[in-house]
Amino acid sequence: MIRKNLLIWITIISSAIFIIQLASLQLSKGSFNRDFAIQEISVYPERGLIFDRNGELLVANQPMYELIIIPENTVEFDTIQLSNLIGIEQNDLSKRILSARKYSTKLPSVIESQISKEKNAFLQEKIWLFNGFYLRKKSVRDYIRPFASNVIGYTSEVDQNDINSNPYYEKGEMIGKQGIESFYEDNLKGVKGKRYFQKDRFNRIIGPYDDSKQDISPKKADNLTLTIDIKLQEYAESLLKNKKGGIVAIEPSSGEVLTLVSAPTYQSNQFIGQDRGANFQKLLKDTINKPLFDRALQAQYSPGSPMKILNALIGLQEGVIDEKTSFTCNAGHYYARNAFMACHNELGTISNLRKGIYNSCNTYFAKTYKRIIDKYDSPSLGLDSWSNHIKSFGLGDYLGYDLFIGKKGFIPESNYYDRFYGNNRWSASTTISNSIGQGEILTTPIQMANFASAIANRGFFYKPHFVKKINNQTNISFEKNFTSIDKENFEVIIDGMVDVVERGTARIAKIKNINVAGKTGTVENFILIEGEKKQLTDHSTFIAFAPAEDPKIVVSVFVENGYWGSRWAAPIASLIIEKYLTGNIERKWLESRMINGSLLAEYEKPYKFQNFTINE
Amino acid sequence: MNRLSVLKYDVVSIALYIGLVSFGIINIYSSSFNESFTNLFNVGSIVGKQVIFFFLSLIAFIFILFTKSKFIDNSTSIVYFLSIILLVGLFIFGVERGGAKSWYAIGPISFQPSELAKFGTALFLSKFLSIIQTDLKSNKDIIVVLIIILVPIILTTIQPDPGTALIFLAFIFPVIREGLNLNYFYFGLSIILTLFLTLKFSFLVSLAILSIIFFTYLIYLRNKKFKISLLKLIFSFFLLIAISFSTNYLFDNVLEQRHRDRINLVLGKEIDTSGIGYNINQSKIAITNGGLFGTGFLEGTQTKGNFVPRQHTDFIFSTIGEEWGFMGTSLTILLFSILIIRLISRAEKQPNHFRRIYSYCFASLIFFHFFINVGMSIGLIPSIGIPLPFISYGGSSLLIFSLMFFVYINFDSSRLKED
């Protein structure tokens, strides 16, 4: 029997073993669960273009080249020659080749990226000498105008964090890292497509996979039109040369930011090309000038005298003063026993509201502030009412504009002083600095511009923003944010602000045939040097809008350690207004004084480790 | 022919044959698919050639059906000696392909005589075993059988085509069936086990296990009274130990590196997916890629990418695995098993000795091809280049297997009328 059935049994047993082996291969996801035969290739849409408000192209794309190695294909070559060709250290080159080899001997690795097209032209002629190396084209940003870099930002290759936080990105892809590039990343990048290819056993692509039916075509990126006026931006940047500070110009009727300058700053183009890493390190390590810090958006200063305007408005709204209210100033006044607040006004000056504004009388606004607070039963109620008025101008919180960076500033509330002094242990006198914009209040230059905008609009503002159109569609609608001050209270204040320029502290800002409304500020400030608090030269600030009767532009200027508001900030603001409204500058002497003026000597003072004088 | 006369043929086997060949053509079409040749009947394409040989086979079928079985009975030695002559002639007229002189080429037609030798050996061996006087207990007859089988083995080995030579070991089965002492079979199994143990582990492990088996067997035999001479048993035992002892030396010094690699790969000693392991590894990837239902006809990405070398010939099973999935592979295995078992059981009913042994030889040949080819494709057996009968591309193979099959059909149909 065993003879007859031997082969039958062997057949049955063999078949059973085969089927078990096949089941273990085919029915369980074993070690071969990736389909090596399909190559997925991403297809990138061209990154979106960026224009200025007048349609001038600011940001386009340019080809750059990557030097690629396929280690398997290399033969012995002269590393010294190659390192000289691409301009990197020989050791560095050897390390990169080694790590490429470790990654894969068959797959391409990038040895050096972002090689300029000029260098590429030169390299292309030599690279054939090096088997296993080739150059691959890649699209990177081209920042055509080297201005408004703090607004536009820059792109760079995704890092591990980007990849971890968004699975869309893959190694080597570009992502917006700052500014508009970052905030509008989703619009600017479009959506990459996928193409699938059938590979053969040598990893060569032999044709489309599944007749390209699975391919996903890329989605075109959006083009952006900024609110920035690049000519005005360029001009404003030139005015802040060799100074530190910020300039913000806004169109009050829309909230569109015309100009946003931070000085010193960087240029977006520094983040492109072979030197981008070194450039970034240089920018990052400059802790004195902090070029990556946007002073217009992130620097929180005491607002200084422009805050007087808000106090006047609140006084009018609360009914504690009217335009005829007068106070006497004795070159200052005692706001409490043994507590004197000095004022640059002469002894015995009697000011009404307008005069108080244009002469920037500390006494006048201290007394107004005291009335505002004391109107209520307790200082807490009074201060909170004041605080709410201030906040209705967009101070003390993020403005919600379309850039990722910014600061809240600070507007104190009663609980802040309760914590600081104890419940009911403080009064209007204790917080009197609020009246003149010193003390606890902190604002950023863009917040200053925004509240000036609210005054220019007589009681409302639009959220400042930087993008006007996405693909020629003005689909961004903004609502009016009304302040807590009634419209009729603004006129007298604006008259006072016009007087500031006509006959007050900022006569230098006067422009022929244009009514400019403004307010200077001179802000005390301190620095810690070796643990010791030292006072520095005052910051020079100015807010302005023009024409006063129908404002087209609001400007806020902040010049660090510039001393009087009228010395730097007011002339700069005035020049920007003139440039924007008339298109040219008649006061060439003022222009050249501002452009050529330098505060570098002032900035060096605290770093010389010797005593220095301020407010020269 | 009337209804009854159709029914006298083994219709089930014919259906299995047509099914397997058709399925083979579909998979050859897919694995050799290429945008420029889409026509199934294009003579220039690989699949076109296979289709032509299928038609040739069907024509031969008609002739063979109307041939008297007796006529075939008497032509066995002609086929065998013709094939031996053709094998010898290869050394003079043969064409070298892939390192082996195993082909005749006349114009566009090429022919592999080793395929014919399988048929010839099956016929001639069956004839010899069916002779009344033949006694497999006599050493003289065993030597004759050995010579019949060894001649084609030697001739194909020195071509060199050791894979094909190995196939002739399939004739062990009919010889055992016809009365060869089963101890030869057990001894053969013991040699394979010894080789496996020595190569996979070591001589000492092999020695230990062989000793355990030997002494267990001795105790078992003591209880059952001796049927086998103790001397022979002890001789076998020491022979196995000698084989085991010399295995590593032979392995390292006689075999070529590629053979060592193939064996090591299956033993799981070397995981090399780029070099020698490439074929089997790619075949396994393709089969795994198929999953339960497969990627579908012409949809296999591994198949399209030509990842598996020789995919339309020796590795056709990987195409089945990828495009038809577990369903396709297990069905294929099932069809082969049914065919083999059916051939054997119909053979057992054959009153004519020669025809019974022939059918048994044919079943053994199919089994051996099937076992080695599928086992290799799924990584259970070292890579040996032999085709999967009826399925793999190859005109000689298809034609000869078809002829052998039709002869079986002829024999089987004449089983009831002893003419």
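Trainee: Over how many bridges do strand 3 and strand 5 of chain A pair in the antiparallel sense?

Mentor: This is a predicted model, in which local features need pLDDT of at least 70, side-chain atom pairs count only at pLDDT 80 or more, and totals for chains, interfaces and linings use all residues. Residues are numbered from 1 along each chain as its sequence is written, while chains are lettered from A and ligands numbered from 1 in the order in which they are written. Helices (H or I, at least four residues) and strands (E, at least two) are DSSP runs numbered from the N terminus, and two strands pair if DSSP finds at least two bridges between them. In chain A, strand 3 (residues 57-69) and strand 5 (residues 133-143) pair in the antiparallel sense, and the number of bridges is 11.

Trainee: Which residue of strand 4 of chain A stands opposite A:Ile69?

Mentor: In strand 5 of chain A, A:Ile69 has A:Phe133 as its bridge partner. Strand 3 of chain A is also joined to strand 4 (residues 109-115) of chain A, antiparallel, by four bridges. In strand 4 of chain A, the residue opposite A:Ile69 is A:Ser109.

Trainee: Which residue takes a positive phi in the hairpin of strand 2 and strand 3 of chain A?

Mentor: Strand 2 (residues 50-51) of chain A runs antiparallel to strand 3 of chain A, with two bridges. A:Phe51 has A:Leu57 as its bridge partner. Five residues lie between the strands of this hairpin, and the residue with a positive phi, near 85°, is A:Gly55.

Trainee: What is the average twist from one strand to the next in the open sheet of chain B?

Mentor: This sheet has three strands in the order 1-2-3, with antiparallel pairing. Strand 1 (95-97) and strand 3 (109-111) of chain B stand at the edges with a single partner strand each, so one side of each has no neighbour in the sheet. Axes are lines fitted to C-alpha atoms, for helices over the stretch in contact, and angles run from 0 to 180 degrees between N-to-C directions. From one strand to the next, the twist averages 45°.

Trainee: Which helix gives the most to the side of chain B that touches chain A?

Mentor: Two residues are in contact if their C-beta atoms, placed from the backbone, lie within 7 Å, and 38 residues of chain B are in contact with 30 residues of chain A. The elements giving two or more residues to this side of chain B include helix 14 (278-290) and helix 17 (353-377). With 11 residues, the one that gives the most is helix 16 of chain B.
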